[in-house]
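Subject: Structure for you to look over

Dear colleague,

I am handing over the structure we spoke about, with its sequence, so that you can look at it alongside my notes.

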Amino acid sequence: MNAPTTRRLTVAQALVEFLAHQYTERDGRRHRLVSACWGIFGHGNVAGIGQALLESGDALPYLQGRNEQAMVHAAVGYARQCDRLSAQAVTTSIGPGATNLVTGAALATVNRLPVLLLPGDVFATRSADPVLQQLEVPSAGDVSVNDALRPVSRYFDRVTRPEALIPAALQAVRVLADPVDTGAVTLALPQDVQAEAYDWPEEFFADRVWRVARPAPDAGALAEAVHAIRGARRPLLIAGGGVHHSEAEEALRAFADATGIPVASTQAGKGSLRHDHPADVGGIGHTGTATADALAREADLVIGVGTRYTDFTTASSTLFAAPGVRFVNLNIAAFDAHKLGAASLVADARAGLEALTGALSGHRVAAAYEAGYRAAKEEWERRVDAAYGAADDSVRPSQTQVLGALDGIVDDTDVIINAAGSLPGDLHKLWRARSRRQYHLEYGYSCMGYEIPAAIGVRLAAPDRPVWALVGDGTYLMNPTEIVTAVQEGVNITVVIVQNHGYASIGGLSEATGGERFGTAYRFRAGDGTYTGAPLPVDLAANAASLGMDVLRAATVGELRAALVKARGANRPTCVYVETETADTVPGAPDAQAWWDVPVAETATRPAAVAAREAYDRHAAGRRRHL
């Protein structure tokens, strides 16, 4: 009998070779599971993973980042654009390089998006103890800073011996490819083990295909859901991010066309129907439309498809107010399908919607109900027009007019990226999504600094689509450095910097909760500790230019439109900088259509906080548990 064939490689070389042969497959289409590896090198990965990537060449392409958290954001943007069927890896040194991954890992896991994290770790052999940047824990010798990644990872392992890589790597890619379990996956790699050689079985490096199935709903659960839908007079469907991940948009459109049931969307689900589809009633929840939220308050049945039901969606458990309201949840994850005491359909979103449409043959909501929400939708569109419009082109634009100018030049191919500040609320209410992956809002973790690196990841996944990173001044100051990466790699993104001299979203929240906008403006501090009205002499446009971008400044609505058109046609990374008008006399987005629970001080001396607590108590009285 011939001895098994082996290949002698280091642990790092073996891991890179293994990753280059992993694939996902859904609906007969195959994708590279891990298409590239981002990295910043230091001791802990330069002579291990770094050397292995150098040798691998195009087998696992290398991408250079400037900030470890931002590299994770770029990988997450890439994975989302690829419908979670393809992902990227991120390698870092030990110490701060590793801990900088934590925020990005939490974002990936919260949003159920795959990313493979490969942080260096301290010596497994303890030959150098403590090594530079090592955290010593007197009560636990096996703890390193990488353990901070455990609670934010869907799978975590520390590879302390070469042969342990085989089961660890297989488990890691299993989780990456699983639509139920996916999120951040961490393989902590001690720096001495990375460089250690081992005789690996050749079959470890064979092509391996991880099939992403489309499980159908249980027949009994389907019958229960169909019975509930047929008996409902005012049903409402909520489309979440799972609709996009499953590529279920056409199945949702067919369901809406057949039944006439209106479709509202979460931040992650917006664009599941085109904005001009008659059944699309826009965003739902605290940042939703008046149309969707009014329907939600009166709905006797809510059908959740691929949604996690976050507090923004449910208006902190105050939105679904009808006394007898019930829920049917279609979700591939049982954890989410059972929320709100729902009748659960644990299935793939596309397969479940197709099954529901078939089983509901001939069923349609009452004509009066359909006519009512369509009329309300038309009324909301007039409010959008008012928020987008400007009196003339010579005025300084408001934030909503910035969105209106952008709305006027994009087509189905453009991708709009945002994550934090006041923009997500305006976008969820107002943006007219034209295609399934146009609207890219990271609102599960709402992480400032996500937009620019995510835009790079999206453009890498979709090189033929115009990609826009919309950032406020606050989020820009958090993490602008990946502009250098875009310039270096020739990744053609457009960054729109909206300058309003402070934290607009938190400023408004502070005012509403009795905080009087404390600590939310970018202003000079006077000698008595108060802030003056003069803005800081900070030039973010000049900063973007110094990092290598072409910069277009726009002072008026007319100049903004021209700048956006020019940026869209540019062939290199470009920034459009606009300072917005914040005066109360300028039309903005409609106020919040539903509540959001942010606790207010129960005792206070300042009148603003006392009044805010009284308002809080009134809203909180409407909370309910759906069981």
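Before the findings, one cut-off is needed: a salt bridge here is a side-chain nitrogen of Lys or Arg within 4 Å of a carboxyl oxygen of Asp or Glu. Please also bear in mind that this is a predicted model.

That cut-off matters for Asp426, which lies in helix α17, residues 423-430. Asp426 is buried and yet has no salt bridge, the nearest side chain of opposite charge being that of Lys429, 5.2 Å away. Because the definition asks for a distance within 4 Å, Lys429 at 5.2 Å does not qualify as a partner for Asp426. Leaving aside neighbours within four places in sequence, Asp426 is in contact with Gln399, Thr400, Leu403, Trp431 and Ala589.

Turning to the cysteines, a search of the whole structure finds zero disulfides. Cys37 is in no disulfide, and the nearest cysteine sulfur, which belongs to Cys82, is 16 Å away. Cys37 counts as buried, with a relative accessibility of 1%, and Cys447 is buried as well, with a relative accessible area of 8%.

Some details of the backbone may also interest you. The peptide bond from Asp129 to Pro130 is cis, with omega near 5 degrees, and Pro130 is placed in the loop between β7 (115-121) and β8 (155-158). Ser316, although it is not a glycine, has a positive phi of about 50 degrees; this residue lies in the loop between α12 (311-314) and β16 (326-331), and Ser316 counts as buried because its relative accessibility is 8%. Arg517 is not a glycine either, and has a positive phi of about 60 degrees. Its place is in the loop between α21 (504-512) and β22 (523-525), where Arg517 is partly exposed, with a relative accessible area of 39%.

Three strands form an open sheet in the order β3-β2-β11, with mixed pairing. The edge strands are β3 (29-32) and β11 (208-211), each of which pairs on one side only, and the twist averages 35 degrees from one strand to the next. Strand β2, residues 22-26, runs parallel to β11 and is joined to that strand by four bridges, with Gln22 standing opposite Arg208 in β11. Helix α6, residues 165-177, lies across β2 and β11 and runs at about 40 degrees to β11.

Definitions and conventions:
Residues numbered from 1 in each chain as written. Predicted model: local features only at pLDDT ≥ 70, side-chain atom pairs only at ≥ 80, totals over all residues. Heavy atoms only, no water. Disulfide = S-S within 2.5 Å. Buried < 20%, exposed > 50% of the residue type's maximum accessible area, 1.4 Å probe, protein only. Helix = DSSP H or I, 4+ residues; strand = E, 2+ residues; numbered from the N terminus. Lys, Arg positive; Asp, Glu negative; His and termini not counted. Contact = heavy atoms within 4.5 Å. Pairing = 2+ DSSP bridges. Axes fitted to C-alpha atoms, helices over the stretch in contact; angles between N-to-C directions.
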